[in-house]
Amino acid sequence: MRNVSSGPARLAFVLLPVLLSLLLAALLVLAVGREPLEVLQKIWQGAFRNSRSFAGVLNFWIPLTLASVGLFVTFRAGLWNIGIEGQILAGAIFASAGALTFNFPPELAPLQLLLQILLGVLGGMLWAGITGALKIWLGVNEIFGGMALNALAGVWGIYLISGPWYPEGGSAQQSRPFLENALYPALSRDWPVGLLAIVMTAVAMVLVPLIMARTRWGLQLKATGSNPRSALLLGVPTTRVAMSAFLVCGALAGIAGSYRVMFTYGSFRPLVAGGIGFLGLLVVLLSTMKPLWIPLIAFVFSAILAGSTRLRVSLQLDSSLAGVLQGALVLVFILFQGLRQRLELRRNELPRMPHRPPAPPRAA
Amino acid sequence: MEIELRNIHKRFGSVHANNDISVVFPAGRITGILGENGAGKSTLMKILSGFQPADRGDVLVDGLSAQFGSPEDAIQQGIGMLQQDPLDIGAFTTLENFVYGRPEKVLPDWHSARSDLEERSAQLGFDLEAETPVERMSIALRQQLEIVRLLALGVNALILDEPTTGISAEQKQTLFAALQQLAHRDGVIILLVSHKLEDVITLCDRVVVLRAGQRIGEEDMPAPGETDPATLNIIKSRLVHLMFGQELGPHERQAVPLEKTVLQLENLYLRDRRLQIEGLNLSLRQGEVIGLAGLDNSGQGLAMRAICGLETVSSGRVLLEDEELTNRSYRHFLNRGVVFGAAGRLEEGLIAGLTLTEHMALVRSERAVLDWPALESYTRESLQHYDVRGQAGDRIEQLSGGNQQRVLMALLPARPRLLILEQPTRGLDVESARWIWQQLLERREGGTAILFSSVELDELVAYSDRILVFYAGRVHEVPDVAATTIDELGYLIGGEFRQE
Amino acid sequence: MNFPGCLTGLRLLPGRPDRLMNEEFLNTLGSVVANATPLVIASVGETITERAGVINLSLNGSLIVTAMAGFIAARVISFGVDVDAINMIASPEAGLIGGVLVAMLVGALVALIIALSSIELRLDQVTVGFILTLLMADLAQFLGQEYTRIPGPVVPKWPLPLLQDLPLLGPVFFQQNVLVYFSYVVVIGLWFWLFRTRPGMAHRAIGERPEAAYARGTNVNRLRYIYVVLGGSMVGIAGAAYSLHFKPGLSNPPAMQGDGWIALAIVIFGGWHPFRVVLGAWLFAALRAVSSDIQKNGLVILGRTLEFNFVLLNGLPWLMLIVTLLLVSSGAIERLLLLLPRPVQRRMRSVLRSDPPRAIGTTFEVD
């Protein structure tokens, strides 16, 4: 470990966390009396046993990538947008309102779809905008404002299900199922996944990093995120820039939310955000702000998520194992990153600044 | 007690901050450590007081080798240092600050500590009040507290780092009287680190001069009562010669015809958490330089920020060439050629983590899509023009302080209408400071008006057409700058307006 | 609106002023104090941590995982490992003490990760804290799955002799259990420690200006380890208070869902002062009591029954969170200080100050 910036060492600092977190998860599985390899196999099967399960992975990947790309923008602006979970939910609520209201004739179905997605975008932006306004103009830290707005969106969702959207003869678990023309069309019977959403996600994951690197807005975001006081003095409209970061993230979260209700569930449920926003924060932390990695990491996380949903059925194991695995991976990875930076720093420091001369040997 | 430094070496990267320095400090004497910024004074004193280890060399206390692993070690051996920004805790009261660090029991004896504090304070002619929170106290009072605290810990060698920056003439007198009493009556070793000739001549018994990390020489000072200007001038010029190797005066300032009014302030009322300014009126013409004098936090910072939209104006009007801009955003001002430069460069002004090209792109790019190659070559040219030692791709924090200040100059618009600069030469060595003023004066000749604040009285006198003195939010204009001496200005910043 | 008189349907606030101190009202206040206890202990624990200059953002996850650990330990010690067992094999006291100790240990371990990553690795405390928040919640759910919705030991009431008979104060404060009394002790103890003792000054100093603390011979990083771990173990006790006292047992979603975030906000609202922190925690608990009372008994204002979906009341604590933070950020609390007469101002200064410890979130290294 003498040279921590060489190629192999860098690789080791990525691979070791993966191995360690897998080991940790294995120990936990053993602790509850199951076979780790069997669990791994079940997760793999849950994700990749056939085209339908693979589509299930993609159905997580779409909203997760959208949310992560949005969070990439807010992180760039120096903002901890923990409120993303509520923004996804608000997007879902708005899109659901459209789905439960509209019923366009079949030839206008694409228009209705578009309208609902736009409503979702609007909902996400609204929720993000409130967090942003609280942060920027009223000085309420975005972590707490965001957390509160997450909870408020949750309360609103439960209220809708128990009141205005209470389904006739149903239980207060979900709204009535949406009609056919209110849903993203599936690719095919064997590939139940929304093609339009895949296209939107692909565009977002390419376009957003490109905009960040090549435009003045992207540079202004970076400047605001690094030092808002200085950015203001250099002529950056910092409040507008910070707000725009919130709104862009909210818009992407809104699309993610619309996909959850307009495809994954086909109805509104209060828990529709399902921790995808929080998971997105982990994805971006793991990417160390390198946007190319975001869709890849999101894919791996989606596979773990989709694969472990069946653990309860197959092994009577709680699906929270997925979260444990993901969280442990990110934690250990970040710790190793810190370790590597410290070692690098120490190595660069030593020849330059010899710490104190060695003490003269004392007479015995 | 006697302290000796033997062959002290200290390096920071490529800079040899202390190069083989040896010096003896006898008891009961006040020794000045003189040198310009970056000469290695502070480094040497930090080594002596345990804040930094030396790379090589010895510290001897009464002939015995001393090893200081921490400031606490040094204090236990009787050496204490008063930092330029006193190392106290703002949220504590005076008494808490005094008690914290004393070898007290878990439950301190507040009563005896308080009487100890009050007694020592009175003995030295200080004005400390036990219950006042430190964050509400002036630098001068915080210095007094720190001195009393260190003495109470049994220190008999006291190091003061630039203690006269940011205090008034009267506070300086109190401080100097106390230091003389300590040295000449109680036998305490006093070391005064300073780059100000007047201070060391007035106070010290002898002066050691450092230049570029080396000990250049030492001079005995005249007796405290010496007032003969001829004698003083000879000593001064000898010291200047030692400090710089040659004499550097301020720039010759071209007379610039003062034309139309750029900025007009009408009856401004301003307030922040500490103070309020009532009824500030000012007009500033093209090519005019106005200096704002005053102790730290006397209102000049608040006024400068409020003028360009960075703080709120409670009432009154700010007019920029007849256009009212009261309480408009800073960007409004910036778009009209009003630029603000804050004192802390990396905190306010430059952005750590961004490259020089990125900085340039922020202020120069008009288009939404950035043309990186063009911006980079533009940046390279600009760096050359401003003689910045650094590459376009370097991150700003990799540059030295002087070079960062040069980058800030390069980032200014070509012909600003008004520059508002907070302590534009703070922390710079003499050469860099001169370069900055050369740049500013060039812009002034092009018609730019300049409003700047400084705690260096000679800088204010040398460069200002007019000087406004701030004291606790009150503003007073110096009637005739050309006829004002630095000493008179020193009394004014202490709030003694009525003395003329 | 004339407050107590018009809310006649509200059991919490009695119909007529002469009955203001009736037994039912005092009981309600007593249950507010009891229900606030986990929040009080968690907020005070976080205050200990943040006063030392470190943020333990993992509170929400820490509470969930320590509640799980505390409950399982208490259950296993009292009932044995068989999850279907319903008869105690040991005394509940042993189980409860063991449960609290295990919860403290777990809370301390989580805090240790934050201390290590901040002090040794210079990692951002918010980042590590957030990851731990998520990880610990999932970990608790995973490890606690077998123990969800089964009975376990509960901390018994233990009215204090003599004190319980005090008029008004007795029923509200002194007919509680050990955990509640512990919260009083911790609050007063922390206040005394911070503002009256020598080590307490060092505690505050390392959060305000570590370089000044270092210059006075304080070992900044060692103290930070100690206080972060101590704060974390307090959070552990708070977690145990949820599963052994507030809502005994484990549930999914956990009973304290979101309380970690509220506790973090209470610390800010409380201006890092133990007394104001307690006040904040009681305020939140009182609001909850009011809203659950309305959900049970309905709301009558001016003799008219107000009809609306009471589910919305669950949003109240979160609205209040935003409002309290607004109060702090707008400086309203500090402006209150200026209204007071000068001598009182001086005494109240440390209570009403809303500035965070200045060095919070930063790392310190001797150069």
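Two strands are said to pair if DSSP finds at least two bridges between them. Helices (H or I, at least four residues) and strands (E, at least two) are DSSP runs, numbered from the N terminus. The structure is a predicted model, in which local features need pLDDT of at least 70, side-chain atom pairs count only at pLDDT 80 or more, and totals for chains, interfaces and linings use all residues. Residues are numbered from 1 along each chain as its sequence is written, and chains are lettered from A in the order in which they are written.

**The sheet of chain B**
- Strand E9 (residues 206-211) of chain B pairs with E10(B) in the antiparallel sense, over 6 bridges.
- Within this region, Arg206(B) stands opposite Asp220(B), which lies in E10(B).
- An open sheet of 6 strands, with mixed pairing, runs in the order E6-E7-E8-E3-E9-E10 (chain B).
- Its edge strands, E6 (79-82) and E10 (214-220) of chain B, each pair on one side only.

**Helix H12 of chain B**
- Helix H12 (residues 372-385) of chain B has 14 residues and should span 20 Å at 1.5 Å a residue, which agrees with its end C-alpha atoms being 20 Å apart; the expected span is 1.5 Å times one less than the number of residues.
- Just after H12(B), Asp387(B) takes a positive phi of about 60 degrees.

**Where chains A and C touch**
- The contact (C-beta atoms, placed from the backbone, within 7 Å) takes 36 residues from chain A and 32 residues from chain C.
- On the side of chain A that touches chain C, H14(A) gives the largest share, 13 residues.

Note on methods:
Two residues are in contact if their C-beta atoms, placed from the backbone, lie within 7 Å.
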